[in-house]
Each structure stands twice: as C-alpha cells, then as structure tokens.
Amino acid sequence: MNEEKLKELINATVKSDNTKLVNTIFYVVKQIIELPENTETSISQLLNENYTNKELFEINKYVGIICEKVNIHLEKNNNGQYVGLPYNIPFIKK
C-alpha cells in the first residue's frame, strides 16, 4: 500500500482534527508495515516522542484497527498474564 492510500485510510478511520494523533498513527503503521514478518515489538517501542496515557490508548486502538484493514495481524501473546498497559504489550507482526 502506498503512503497516500494509507493516509486516506487513516483519515477515513480516525476522523479526527488532531493532526498529531493522525500523523503518529501513520508513522507507527508505516513502521509496522516495513517490519519483517515475525518481528516482536510494541507500540511504545515504535514511538519517537512522549505521549499522554490518553493519547497512547488512542494510538494503540487505531493502529490495531488500521493494521487489520491492511491485513497485518499483530499477535499479542502474554501467556495469560497481565503485563500492563496495552501499548506496552509486545506483539509479533504476522
């Protein structure tokens, strides 16, 4: 998927005037797309700035939705343990 189509998909899904939020979601999803298959990381590891918890929850939510729409599965396996905040939970790109 090219960058323009990805931006269109994100704008149609997020529907927010918050440019920082939209740009951050684009940045994270683009990084995930470029990751090799079976790479383990987390949303918080992919971010390049500090964000509030509210922003991180929004970013995490929309990154998951956009990845599903572009057929990328983020496999989160915490082995039945509570490991903390969702944006800190490691996932494997599938």
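In helix H2, the buried residues are Leu21, Val22, Thr24, Ile25, Phe26, Val28, Val29 and Ile32; buried here means under 20% relative accessible area, with exposed set at over 50% and partly exposed in between, using a 1.4 Å probe and protein chains only. This is a predicted model, so local features need pLDDT of at least 70 and side-chain atom pairs count only at pLDDT 80 or more, while totals for chains, interfaces and linings use all residues. Residues are numbered from 1 along each chain as its sequence is written, and side-chain values use heavy atoms, with hydrogens and water left out.

Helices (H or I, at least four residues) and strands (E, at least two) are DSSP runs, numbered from the N terminus. The cover over the buried residues of H2 includes H1, H3, H4, S2 and S3, in the sense of contact, meaning heavy atoms within 4.5 Å. Phe26, one of the buried residues of H2, has Lys7 lying over its face, at 5.2 Å from the ring centre. For a charge to sit over a ring, NZ of Lys or CZ of Arg has to be within 6 Å of the ring centre and within 35 degrees of the ring normal.

Buried in H4 are Leu56, Ile59, Asn60, Tyr62, Val63, Ile66 and Cys67. Among the elements that cover them are helix H1 (3-14), helix H2 (19-34), helix H3 (43-46) and S2. Asn60 belongs to H4 and counts as buried because its relative accessibility is 14%. Setting aside neighbours within four places in sequence, Asn60 is in contact with Ile43, Lys76, Pro86 and Tyr87. After H4 comes Asn71, whose phi is positive, near 60°.

On the aromatic side, the structure holds 1 pair. The rings of Phe57 and Tyr87 have centres 5.5 Å apart and planes at 85°, so the pair is edge-to-face. Rings of Phe, Tyr and Trp (its six-membered ring) pair if their centres lie within 6.5 Å; planes under 30 degrees apart are called stacked, over 60 edge-to-face, and the rest tilted. The pair ties together distant parts of the chain, with Phe57 in helix H4 (residues 53-69) and Tyr87 in the loop between strand S2 (74-75) and strand S3 (91-93), 30 residues apart.

Next, the strands. An open sheet is formed by 3 strands in the order S1-S3-S2, with antiparallel pairing. Strand S1 (40-41) and S2 stand at the edges with a single partner strand each, so one side of each is left without a neighbour in the sheet. Strands pair if DSSP finds at least two bridges between them, and S2 and S3 pair in the antiparallel sense over 2 bridges. Leu74 stands opposite Lys93 in S3.

Thr41 has its place in strand S1 and counts as buried at 8% relative accessibility. Leaving out neighbours within four places in sequence, Thr41 is in contact with Leu35, Leu46, Ile89, Pro90 and Phe91. The Thr41 side chain also makes a polar contact with the side chain of Gln45 (2.9 Å). A polar contact is a pair of N or O atoms within 3.5 Å; within protein, one must be able to donate a hydrogen and the other to accept it, and residues adjacent in sequence count only if both atoms are side-chain atoms.

Finally, some backbone angles in loops. Most residues other than glycine have a negative phi. Lys15, in the loop between H1 and H2, has a positive phi near 50° and is exposed, with a relative accessible area of 70%. Asn38, in the loop between H2 and S1, has a positive phi near 65° and is partly exposed at 48%.
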